[in-house]
Amino acid sequence: MFLLYTCVIAILVISVIVTRYLLDSLANYYLITRIYNILEYSILAYLFHLYIKNRIARKILLFSIIPFVIFCIYDFFQASKPALPFLPLIYEYLFLLIFIVYFFFEVMQQSVMEPIYNKAIFWISVGFIINFSGNFFLLLASVNSFDNEAFRNTFTIMYSSVTILKNILLSISSAIKENINNSNNDFDAMSLDPDLEPYQPSKNQK
């Protein structure tokens, strides 16, 4: 799933650069950013749904993709003019941030054989926590202030800085080599059978 996320985001980022700076087509640029928003949320929601243990939380996260997509489409068509998806991004960041923090809460409640920082999902989670929390209030301010040129310059610097930090952490996650034998048993560290009979010497032993 992380490989899929990386490939999809890379294609969309290239498309954004081409439409915005080479073709100078704002309409297509805004449309691609909307698609970016939908695909990012859908892939990340599914990714963390695979790691969260609580069934109710998993279902809420997975099925939240449907109303989110509907909201994104509604926000796109009700906009008076083409614009960046500030409201969908705010909801995406807030909702996924809640579930990533909940994922860490679950990990803290369980005994594991291998430290969590030896796993790629740890660095992925930290990267997106920094990204979502770092840009959340920036996006809130952008709803009413993005038309201001000075604010746009500040927005670009702050958003780019947080995104670069996130990408560094995601790069670290791709370099992590996990212990495959323990990948499915981290939360079953104490699963040895307590009813095993103690060793008894053979009766014929002299």
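Mentor: Buried means under 20% relative accessible area, exposed over 50% and partly exposed in between (1.4 Å probe, protein chains only). The model is predicted, with local features needing pLDDT of at least 70, side-chain pairs 80 or more, and totals for chains, interfaces and linings using all residues. Residues are numbered from 1 along each chain, and side-chain values use heavy atoms, without hydrogens or water.

Trainee: Is Phe-95 buried, partly exposed or exposed?
Mentor: Phe-95 and Phe-99 lie 4 residues apart in helix H5 (a DSSP run of H or I, at least four residues), so about one helical turn separates them. Phe-99, at 9% relative accessibility, counts as buried. Phe-95 has 28% relative accessibility and therefore counts as partly exposed.

Trainee: What is the angle between the ring planes of Phe-95 and Phe-99?
Mentor: These two rings form an aromatic pair (centres within 6.5 Å; planes under 30 degrees stacked, over 60 edge-to-face, the rest tilted), with 5.0 Å centre to centre. The pair is tilted, the planes standing apart by 55°.

Trainee: Which helix holds both Phe-151 and Phe-155?
Mentor: Phe-151 and Phe-155 form a tilted pair, 6.5 Å centre to centre with 40° between the planes. Phe-151 is buried at 17% relative accessible area, and Phe-155 is buried at 9%. The two residues are 4 apart, about one turn, in helix H7.

Trainee: Which residues of H3 make the contact with H5?
Mentor: H3 (residues 55-63) and H5 (residues 86-108) pack with their axes, fitted to C-alpha atoms over the stretch in contact and with angles from 0 to 180 degrees between N-to-C directions, 12 Å apart at about 155°. The two helices are therefore roughly antiparallel (over 145 degrees) to each other. From H5, Phe-95, Leu-96, Phe-99 and Tyr-102 take part in the contact (heavy atoms within 4.5 Å), and from H3 Ala-57, Ile-60 and Leu-61.

Key: Angles under 35 degrees count as roughly parallel, over 145 as roughly antiparallel, 65 to 115 as roughly perpendicular and the rest as oblique. Rings of Phe, Tyr and Trp (its six-membered ring) pair if their centres lie within 6.5 Å; planes under 30 degrees apart count as stacked, over 60 as edge-to-face and the rest as tilted.
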